[in-house]
Amino acid sequence: MEETIHNVVCTVCGCCCDDLEVKIKDGRIVEVKNACAVSLSKFQNYNNEERIVKPMIKKNGEFKECSFEEAIKEASIILAESEYPLIYGLSLTTTEAISKAVELAEALGGVIDNTTSVCHGPSLIGVHDIGVVTCTLGEVKNRADLIIYWGSNPVFSHPRHLTRYTVFSKGKFRKERKERKLIVVDVRRTATAKMADIFIQVAPNQDYELLSALRMAIKGEEIYLDEVAGVPVNKIEELADLMVSCEFGILFFGLGLTMSLGKSRNIDAALSLVRDLNEKTKFLIMPMRGHYNVTGANEAIAWQTGYPFAVDFSQGYPRYNPGETTIIDILNRGECDAALIIGSDPAAHFPVSAIKHLTKIPVIIIDPHKNATTLISKVVIPTAITGIEAEGTVYRMDGVPLECKKLVEPPSGLKSDEEILTEILMSVKKLKGEEKLYE
Amino acid sequence: MKVKLITGRSLQQGVGKEAGKFSQEYFNNVAICELDPNDMEALNISPGENVMVKTKFGEVVLKAVKSAHSPHKGIIFIPYGPWANLVIDPETHGSGMPNFKGIEAEVFPAKGEKILTLIEVLEKISGGK
């Protein structure tokens, strides 16, 4: 039997491209159309030798395969007995699963954080301070005549962003490349910079200075210097003129701003720049969110707790204090005594000091594939892959929710993240004597 | 040579990540250091030779790659991943975010030195198996 499923939502980056065509023959994916290189790699490799199909528990340093019941039980005991457990990851799963994870964090009196902490956490902190003027990607596609990527290289990180939503997209009112200007600000001449009409090479860690100089230029104030952040002042003034004279501008910013010196203050400056610009023209700003449902993680955690990430339930109510309740800080200080990781690989992406603490505590990981974190885990629970073998809601980077589909059956016995988290939650409540409350 | 270290995403890192964290593709695409061609000349390093990157926080041996995004004199780039972790700055300055970019570093030729595998990196961090 052969069928083609249309309008499939891609579950790789925050673009959440919803126009994939997936051909299925005898229950297997045989062809994928419209996908970028990273998405194609996902479809080609999701069932490779690194796929885990059986749950495992580590005993005396060796992994032993076990049943799902045993793995859920072991995980629940570790979590229920822990004083200050940490739940982390959650940007590569469905919003429904994230919602369950919040309930679990509350039941445990632990901390729940998502990968926002190490990507656009500073952006959200900036938004708390300043507010944000934003829009949907559809508006950008139809109207934007000036597009800026600052500290972001979408050709690599969000490969179809330019063709679907910005300079190469065919919008209602802006149809051709020549009707839009592309400006790239980065420390290197990236692949995206090479396509730009104007490339501004900013010195590392000096984005705040450049943003501030731009704000001055936009207000018509004189800058008594030859250059700022390695950029000649006449170029800054030229850029300011372009920004003021556009009809609909958008500033997309990436981790070049959030991970460099200044962090949330860089975002404050960028948000303020866009606010200033709105006194003269229409200008918007949007973070280039990385994983396909990192935005959903912020949404779901915020509905339930009031805060978008780094939420601590140890006092019995939700507390949020980035720098204190964020995963890197908790690990650096060696505070948590167990961790549940869902769809993330912190052991491959955290600084050494943070990984070191993870190797000292019992870690439970829910993930479809082997990764650096599975190696240091005590309990490994394999899962069906969201957007291929499991359905659910994901949030595109502009906050638009999309339904991702189940295309094929998962390997026998594998459940969705949501189902596994529900089972752990029920088991934890039982262990803590709260099962009646739950029912 | 004193440089500023930037870590970040690359298309090849993304493709390698989906191919699998233990795949040769991931190793080839991530255990690398991109340098400005002029800096490579000054250091007397050819593409494909190994370099050592040292920061206040650690050191790592990587394969030198000629940057396709030059000129960026004095800036080196390592893709996100286990190798970059060994040299990034864990300090969050109260923001939750470590310094992944703009870190002061030094780069040296390291022709004879071996690049650790992902498993060896983890063993190094945890201090044994």
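**Figure 1. Chain B as a whole.** Along its sequence, chain B runs β-α-α-β-α-β-β-β-α-β-α. That comes to five helices and six strands. Helices (H or I, at least four residues) and strands (E, at least two) are DSSP runs, numbered from the N terminus. The radius of gyration of chain B is 14 Å, close to the 14 Å of the globule rule for 129 residues, so chain B is as compact as a globular protein of that length. This radius is taken over C-alpha atoms, and the globule rule is 2.2 Å times the number of residues to the power 0.38. The C-alpha atoms of chain B fill a box of roughly 40 × 35 × 30 Å along the principal axes. Of its 129 residues, 58% count as buried. Buried means under 20% relative accessible area, exposed over 50%, and partly exposed in between (1.4 Å probe, protein chains only). Take the contacts in chain B with a separation of 6 or more: residues 24 or more positions apart account for 73% of them. A contact means heavy atoms within 4.5 Å.

The model is predicted: local features need pLDDT of at least 70, side-chain atom pairs count only at pLDDT 80 or more, and totals for chains, interfaces and linings use all residues. Residues are numbered from 1 along each chain as its sequence is written, chains are lettered from A and ligands numbered from 1 in the order in which they are written, and side-chain values use heavy atoms, with hydrogens and water left out.

**Figure 2. A cis peptide bond in chain B.** The bond from S70(B) to P71(B) is cis, with omega near 0 degrees. P71(B) sits in the loop between β4 (58-66) and β5 (75-79) of chain B. Most peptide bonds are trans.

**Figure 3. Chain A as a whole.** Chain A has 18 helices and 21 strands. Its radius of gyration is 23 Å, close to the 22 Å that the globule rule gives for 439 residues, so chain A is as compact as a globular protein of that length. The C-alpha atoms of chain A fill a box of roughly 65 × 55 × 40 Å, taken along the principal axes. Of the 439 residues, 62% count as buried. Among contacts in chain A between residues at least 6 apart in sequence, 67% join residues at least 24 apart.

**Figure 4. Helix α1 of chain A and its packing partners.** This helix covers residues 37-45, and its buried residues are V38(A), S39(A), S41(A), K42(A), F43(A) and N45(A). These buried residues pack against β2 (20-25) and β3 (28-33) of chain A. They also pack against α1 (11-19) of chain B.

**Figure 5. Helices α3 and α12 of chain A.** Helix α3 (residues 95-108) and helix α12 (residues 294-305) pack at an angle of about 40 degrees, with their axes 9 Å apart. Axes are lines fitted to C-alpha atoms, for helices over the stretch in contact, and angles run from 0 to 180 degrees between N-to-C directions. The angle makes α3(A) oblique to α12(A). Angles under 35 degrees count as roughly parallel, over 145 as roughly antiparallel, 65 to 115 as roughly perpendicular and the rest as oblique. The crossing of α3(A) and α12(A) is right-handed. A crossing is right-handed if the near helix is turned clockwise from the far one by less than a right angle, and left-handed if anticlockwise. From α3(A), the contact includes I98(A) and V102(A). From α12(A), A300(A), I301(A) and W303(A) are among the residues in the contact. By class, the contact has six nonpolar, five polar and one charged residues. Ala, Val, Leu, Ile, Met, Phe, Trp, Tyr, Cys and Pro count as nonpolar, Asp, Glu, Lys and Arg as charged, and the others, Gly among them, as polar.

**Figure 6. Helices α4 and α11 of chain A.** Helix α4 (residues 121-130) and helix α11 (residues 264-277) pack at an angle of about 50 degrees, with axes 8 Å apart. This makes α4(A) oblique to α11(A). Their crossing is right-handed. The contact includes P122(A), D129(A) and I130(A) of α4(A), and R265(A), D268(A) and R275(A) of α11(A). By class, there are six nonpolar, four polar and four charged residues.

**Figure 7. I112(A) and its surroundings.** I112(A) lies in strand β7 (residues 111-114) of chain A. I112(A) is buried, with a relative accessible area of 0%. Leaving out residues up to four places away in sequence, I112(A) touches, among others, V102(A), I301(A) and A310(A). I112(A) and I342(A) are 230 residues apart in sequence and 11 Å apart in space, C-alpha to C-alpha.

**Figure 8. Two residues with positive phi.** Most residues other than glycine have a negative phi. N60(A) has a positive phi of about 50 degrees although it is not a glycine. N60(A) is in the loop between β4 (56-59) and β5 (62-65) of chain A, and is exposed, with a relative accessible area of 83%. A310(A), also not a glycine, has a positive phi of about 50 degrees. A310(A) is in the loop between α12 and β15 (311-312) of chain A, and is buried, with a relative accessible area of 0%.
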